[in-house]
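Please open the model in a viewer and keep the selection tool at hand. The stops below are to be visited in order.

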Amino acid sequence: MGVGKGTVARALVKASDYFAIDTDDLIESVENRRVKKIFEEEGEPYFRNLEKKCALWLEKNVDNTIISTGGGFFKQENIHRIGTIIYLESSFDGILNRIHSAPNAKAKLKKRPLLSNLEEAKKLYNQRVEDYKKVSDITVNVENKDLNLIVEEILGKVNENN
Ligand SMILES: Nc1ncnc2c1ncn2[C@@H]1O[C@H](COP(=O)(O)OP(=O)(O)OP(=O)(O)O)[C@@H](O)[C@H]1O
Ligand SMILES: O=C(O)C1=C[C@@H](O)[C@@H](O)[C@H](O)C1
């Protein structure tokens, strides 16, 4: 949430032949409602089940594509069969600064139910940070780094990895 997935994905599309999709966007599209509404109206397990369905579909049907994912998507059992996993690394404060300095900061915070309580969000970040490192094939630090450099690093590391 707020680490720059969307921004980085859009820059990667411009700089390469890849196209990009986003798991939260796919889920919102098939449900015809926002993630926040899905959490409110159906609860988190229902959302996680949609992520699972999405993960199985991605594994079977999507290749050579940049897939940005929701922050909890890494837990999907088939994650390694979907593709190369890139971790955009940042401190919690780095993420918060990003979100707060975004021109649409208020809307962004409203959209993300798990960010509504900062203490809880920090707890979740601390719980996940080691798992993110473990699950990823490639790590790119994005804190205070120019977008062009991030793109260059990702494309370089993906080439090395394949
Ligand atoms: N390398 C960067 N340098 C400076 N600002 C950045 C960089 N990457 C992203 N940002 C800014 O940080 C904010 C959050 O980025 P973005 O919306 O891409 O995050 P996200 O991870 O896709 O968030 P969410 O999952 O909540 O949609 C945006 O205002 C964006 O312009
Ligand atoms: O970190 C998470 O678990 C989430 C992040 C968002 O992108 C959404 O996928 C949803 O709000 C859950």
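Which residues lie nearest the centre of the largest pocket? In this predicted model, select Ile67, Ser68, Thr69, Ile85 and Ile86, which lie nearest its centre among 41 lining residues. The volume of this pocket is about 1,200 Å³. Colour the lining by class: 28 residues are nonpolar, 10 polar and 3 charged. Next, display helix H8 (118-135), which gives the largest share of the lining, 6 residues. Other elements that supply at least two lining residues include helix H1 (5-15), E2 and strand E3 (86-89).

Now select strand E2 (residues 65-68).

Move to helix H4 (residues 44-61) and show Glu44 and Arg48, which are 4 residues apart, about one turn of the helix. Their side chains form a salt bridge (2.9 Å, N to O). Arg48 also meets Glu51 in a salt bridge (2.8 Å, N to O). Glu51 counts as buried because its relative accessible area is 1%, under the 20% limit. Arg48, by contrast, is partly exposed at 21% relative accessibility.

Return to helix H8 and select Glu120 and Lys123, 3 residues apart. The closest N and O atoms of their salt bridge are 3.3 Å apart.

Finally, select Glu31, Arg33, Glu41 and Glu42, which a network of salt bridges links.

Definitions and conventions. Residues numbered from 1 in each chain as written. Chains lettered and ligands numbered in written order. Predicted model: local features only at pLDDT ≥ 70, side-chain atom pairs only at ≥ 80, totals over all residues. Heavy atoms only, no water. Buried < 20%, exposed > 50% of the residue type's maximum accessible area, 1.4 Å probe, protein only. 1 Å grid on protein atoms, 1.4 Å probe; cavity = no way out; pocket = protein on both sides within 12 Å on 5 of 7 lines; lining within 4 Å. Points joined across faces, edges and corners; volume = space filled by probe spheres on them. Nonpolar A, V, L, I, M, F, W, Y, C, P; charged D, E, K, R; others polar. Salt bridge = Lys/Arg side-chain N within 4 Å of Asp/Glu carboxyl O.
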